Amino acid sequence: MSETKNNTKHEIKLLSFDIDNTLLDFNTLKSRFPKVWETYNNHSNVLLAYNTGRLIDDVLQLIKKGILPKPDYIIAGVGTLIYDYNQKCIVKEFNDVLDDGWDLESVEEVIQSINHPISQQPSKFQHSYKRSYYFHDATPELISNIEKDFVKANMHINVVYSGEKFLDILPKWANKGNALQWLLQKLDLTTENVLVAGDSGNDSAMFNLDGIKGIVVANAHEELYKFTKHRQIYHSEGNFGDGVIEGLVYYGILPEEANECLNIDYTDDFFIQQELNNIANEDENEKIALIKEGYKHAVEALKKNITPLGFSACSIKDNVPNGTDENYHSVWARDGAITVIGSLSLIHDEEIHQCQRQTLLTLIEHISRNGQIPSNVRIKDNAPDYSGVGGICSIDSGIWVVIAFYEYVNVTKDINFLRNHIDSIKETMRWLGAHDSNNDALLEIPEAGDWTDLFGGSYNILYDEILWYRANVCFGRMLEMLGDYDQAGEYIRWSQVIKKEILLNFWPSTQQKLFSSVSFAERQFTLGDTPYLIQQTTPFDFSWRCDVFGNVLAFLHGVLDSEKAHQTLKFMLGVGVNDPFPVSNVYPVVTPGDPDWRPYYTVNLLNLPNHYHNGGIWPFVG
């Protein structure tokens, strides 16, 4: 699940949750929420309220049948009625507020004058403070005109449009947010004490309350996602009740083990069984001996790369440079950061520990005036280089350094080291964030601007976006270590938005899901379904290749849930990305004549098919 956590349980006193397509799948009424809630919740601490478009009798039937757990309050009819479940009565004082300016007969007259196909919903959805209609595919302009028609009729009412087909006309004080606000005053609570959850436009009023905390489920309509994207709201990975459970764990209302109820058992899968059988047939002593030998040689190799400026890209005394090979006699941001992360278990070795620290110092001390981490720093003269072949900047160098800085401090607990350099890390995050030029949460990467030297990805590239998500989590955690909880919370929340945008843009499907009003396949014409995160998207095209490194990082950093990760690993094993062992970095490779082929792939014979970044074998990826 998510890498984020928000310890605000002591503040939250009331839950206000929509029902249909939030707690329950509207079509099947299925949900794991009731069972998890009854198992883990301590009812004496948090009040549960349903805030729904359903009428009260309908909600009471769902509770009676055990489809929903018993609440404390029910706000029904899109905020037109409040029911005290414990006292088994309607809160009549609330109705007095709704009478002001409400005239049912005049409402129906205005509706009849609308020049657009409209039909009344069944009588079970109507009551004296609510008129509900089917109103398909209305534009924002049309809804605005309806509101103006009511103003002209001297009626100040609420027009609520949701799900691209439901139109509700309510008294001016009636919506889910106003009703919730009234209930809070009655209970002597503030909006800081509330957690709301929803999936559609008629839930926006709840999320619009000042200081509100919230959960937007993964199946939410685009209208609600856009409304909450830049707010302090948790965007869950799970659909319906699973997403609510995930959010409740995030906010500390439910314990971490509640998420275990959402896991799927894949142990019967053919590939997993095959691997388990292989492991069972291995000689345990032989396996341990091999691991010990590999560990010994790995430490020896690592120590050969220790230099006064940090870890070099290769052993200098064992490699005589030829031409551009001299670049390897440098401390590289990307290579150095990955080496720091990978060697943190050796922190007890003082020689390695000092080199880890020096690697980070060398890179952070050469930050440019605009916040860019150098691509590498030459060991012979301590000179930084901020670009590669063709003067292209290295976007992921800075991202890796942010991640490595957090991992290092998290292990060493060297808060003074972090405090001394947090301003530089902030500048790097600003520089990186400036590459999100359209404010959609994803970075725009220049062509061949990341680890795949002279390999032609550009714009939104999976690998870089995964790292950007992780960097926001790591930076938020570092701010937490320094006590800056408000700023930390914003970066951690924004990481969830980045994660949602990654899934929306890189996990295509012919089914409409997540927040897309049009499916990815319809926009890109021919892609169809894939069981992995695709390599790249731009406003004009996409690359449907499987970036092995990007997909593995997506699972390790929590962008993919277990179900998607299972599909991805099964696909990669099925097409043989690990043959030859350990693993090639992309499937399938790019060949001459392919639309993705670039003439510069022949430079220095680097990216020919099955070479280097074009399907070459990468032990550190494997």
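**View 1. Asp547 stands opposite Val586 in the predicted model.** Asp547 faces Val586 of strand β21. Strands β20 and β21 are antiparallel and are joined by two bridges. Strands here are DSSP runs of E with at least two residues, helices are runs of H or I with at least four, and both are numbered from the N terminus. Two strands count as paired if DSSP finds at least two bridges between them. The open sheet has four strands in the order β18-β19-β20-β21, with antiparallel pairing. β18 (460-461) and β21 (586-587) are at the edges with a single partner strand each, so one side of each has no neighbour in the sheet.

This is a predicted model, in which local features need pLDDT of at least 70, side-chain atom pairs count only at pLDDT 80 or more, and totals for chains, interfaces and linings use all residues. Residues are numbered from 1 along each chain as its sequence is written, and side-chain values use heavy atoms, with hydrogens and water left out.

**View 2. Helix α20 covers residues 562-575.** The expected span is 1.5 Å times one less than the number of residues. Ala565, His566, Thr568 and Met572 are the buried residues of α20. Buried means under 20% relative accessible area, exposed over 50%, and partly exposed in between, with a 1.4 Å probe and protein chains only. The cover over these buried residues includes α10 (270-281), β20 (542-547) and α19 (548-556). Gly576 follows α20 and has a positive phi, near 80 degrees.

**View 3. Ser312 lies in the loop between β14 (310-311) and β15 (330-332).** Ser312 is buried, with a relative accessible area of 7%. A polar atom of the Ser312 side chain is 2.7 Å from the backbone oxygen of Cys314. Beyond its neighbours within four places in sequence, Ser312 has contacts (heavy atoms within 4.5 Å) with Asn305, Thr307, Tyr328, Ser330 and Ile379.

**View 4. Strand β1 (residues 14-17) has buried residues pointing both ways.** Leu14 and Ser16 point one way, Leu15 and Phe17 point the other way, and all are buried. In a regular strand the side chains alternate between the two faces of the sheet. β1 pairs with β10 (residues 194-198) in the parallel sense over four bridges, and Val196 of β10 is the bridge partner of Ser16. Four bridges also join β1 to β2 (residues 47-51), again in parallel. Tyr50 of β2 is the bridge partner of Phe17.

Key
A polar contact is a pair of N or O atoms within 3.5 Å; within protein, one must be able to donate a hydrogen and the other to accept it, and residues adjacent in sequence count only if both atoms are side-chain atoms.
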